[in-house]
Every structure is written in C-alpha cells, then in structure tokens.
Amino acid sequence: MGVVTTSIDALNAVKTALNDFQTDLDSVASRINNHSKDLIDSVRDAIRSQQSVVTEIENKVGRVASEISTVQDRIIQIRNKLQQIDSNISSNQARMKSNEDRIKSLNEEKRRLMSDDSSDHSSRIRSIDQEIMTLRQEQSRLRAENTKLQAEKEPLMNEVRQLNLRKNELESELSELKSQLNKAIEKLGRMKSEGNKLEMEVLNFVSIMQSYRSSSSSTVVTSKSSVNECITAINDYLSTTL
C-alpha cells in the first residue's frame, strides 16, 4: 500500500507541475503579446513623429520659397521703376540738349540781326528774346525735374540692395532647409522599411510563440488527462483490495 500511495503522490506532484507549467506558459505568452504590441506601437509612433518632422520642414520650405518670390517680385518692380526714372532723365537731358542748341542758334541769329543796319529787325529780335526766355524756363524746369528724379532713385537703389541681401539670406536658408528635408525624407524611408521589417519579424515571433503555446497546452492537457487516468486506475485498484 505504501508504494501505491507514493505513486499517487508522485502523480499528483506531476499534475501540479503540469498546472504550474501551463500557468507559466500563459503568463509568458501574455507578456510577449503585451511587449510586442508596445514595441510595434513605439515603432509606429517614431515613424509618425518623423513624418511630422518632414511635414514641418516642407512647410518651412514653402514659406521661405514664397518669401523669396515676394522679394524677387519687389526687386523687379523697383528695377522697372528705376528704368523708367532713367528713361525720363535721359529724355529730359535730350530735351535740354536740344534746347541749348536752339538757344545757341537763336543767339547767333540775334547777333547777326543786331549787326545788320540795313533794315529794322526789332520785331524779330523781340520774338527771339521771347523764345530764348521760354526755352530757359523750360531748361530750369527740366533741371529741377531731373534733380527730383535723381533724388527718387537713391532710396529705391538702397531698397534693392537690402532686398538682394535678404534674398541671398533666404536662398541660403532655403538651401539648408532642402538639405534637411532630403535627409529627413531619407530617414523616414529607412524607418518605414526597417520598421515594417521589424513589425513582420515581431508578428512572426508572436505567431510562433502562440503556436508553441497551443501545442504545449495541448500536450499539458493530454499529459494531465493521462495522469488523471493513471490516478483513477490506482484508486480503482485500491478499492478492490480493501
């Protein structure tokens, strides 16, 4: 009887060990599932974060490019205005040269008339004097206008210089941003590629562990059933010997 009792105790110990093994197996499987989910979520969060970095840089590139365009448009606008001013100055200078030539011609005519005593040229001389006076008034007006136009040029030219400096700064910034963007996009591509690979490996590992757990659980159930059957057989035997 002592041997039989010992056998039952041993079988019960095996049964307990099998129960503990299944509990441990379920616990390990649960932890693996949780850690796997945390890992995949972490990888996806990192990819989303990098995508945000790419989007932020793209927005900066757009803003800087837009500002460059605005600055360039203003430079073109000012240069067109400067060209118009230079054209007006040149036109005034040409007109002034024509007036000077006309005044010179009229003065020569006046001297000839005044030296000619054969007839009365007073009427013509008065007409010449009037025309010379009109031309000199126009000369004064044209000189004043050119002085004003020249004064208008200086602040415009200063603005163009400042705008060119700003444009150079923006183009340098844009170049740096584009370099950052290319690196960020490349990093995002690598993260997606490696992240997908890692996710597949993790899911594959979880699948293998689940298969192992299912297989082991089935083995434990079978083993426990066998142990129970053995214990039952021993008990049945004992009942016949009592």
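A word on what we have here. This is a predicted model, in which local features need pLDDT of at least 70 and side-chain atom pairs count only at pLDDT 80 or more, while totals for chains, interfaces and linings use all residues. Residues are numbered from 1 along each chain as its sequence is written, and side-chain values use heavy atoms, with hydrogens and water left out.

Now the overall picture. The protein has two helices and zero strands; helices (H or I, at least four residues) and strands (E, at least two) are DSSP runs, numbered from the N terminus. Of its 242 residues, 27% count as buried. The accessible surface comes to about 16100 Å², and 52% of that belongs to carbon and sulfur atoms; these areas come from the Shrake-Rupley method with a 1.4 Å probe, and for residues only the protein chains shown count as cover.

Let's go inside. In soluble globular proteins, nonpolar side chains tend to be buried together. In this model, the largest nonpolar core has 23 residues, and I57, V61, V64 and I78 have the most contacts inside it. A nonpolar core here is a set of buried Ala, Val, Leu, Ile, Met, Phe, Trp, Tyr and Cys residues joined through side-chain atoms within 4.5 Å. Which helix gives the most to this core? That is α1, with 13 residues. I78 touches L156, E159, V160 and L163, not counting residues up to four places away in sequence. Apart from that core lies another, of seven residues, among them L113, I128, I132 and L135.

L82 lies in helix α1 and is buried, with a relative accessible area of 11%. Leaving aside neighbours within four places in sequence, L82 is in contact with K153, L156, M157 and V160. The C-alpha atoms of L82 and Q150 are separated by 9.8 Å, and the two residues are 68 apart along the chain.

Next, charges. How many salt bridges does the structure hold? There are 15, each being a side-chain nitrogen of Lys or Arg within 4 Å of a carboxyl oxygen of Asp or Glu. Take D86 and K153, whose side chains meet in a salt bridge at 2.8 Å, N to O. This pair links distant parts of the chain, with D86 in helix α1 and K153 in helix α2, 67 residues apart. D86 is partly exposed at 32% relative accessible area, whereas K153, at 14%, counts as buried.

Back to E138, as promised. The side chains of E138 and R95 meet in a salt bridge, 3.0 Å from N to O. E138 lies in helix α2 and R95 in helix α1, so the pair ties together parts that are 43 residues apart in sequence. R95 is partly exposed, with a relative accessible area of 38%. The side chain of E138 also makes a polar contact with the side chain of N99, at 3.4 Å. By polar contact I mean a pair of N or O atoms within 3.5 Å; within protein, one must be able to donate a hydrogen and the other to accept it, and residues adjacent in sequence count only if both atoms are side-chain atoms. R95, E138, R141 and E145 are linked in a network of salt bridges.

Being three residues apart in helix α2, R166 and E169 are separated by about one helical turn.

Finally, K167. This residue is found in helix α2, which covers residues 122-241. K167 is buried yet has no salt bridge, and E171, the nearest side chain of opposite charge, is 4.0 Å away; Lys and Arg count as positive, Asp and Glu as negative, and His and the chain ends are not counted. What does the side chain of K167 make a polar contact with? The partner is the side chain of Q72, at 2.4 Å. Leaving aside neighbours within four places in sequence, K167 is in contact with V71, Q72 and I75.

Conventions. Buried means under 20% relative accessible area, exposed over 50%, partly exposed in between (1.4 Å probe, protein chains only). Contact means heavy atoms within 4.5 Å.
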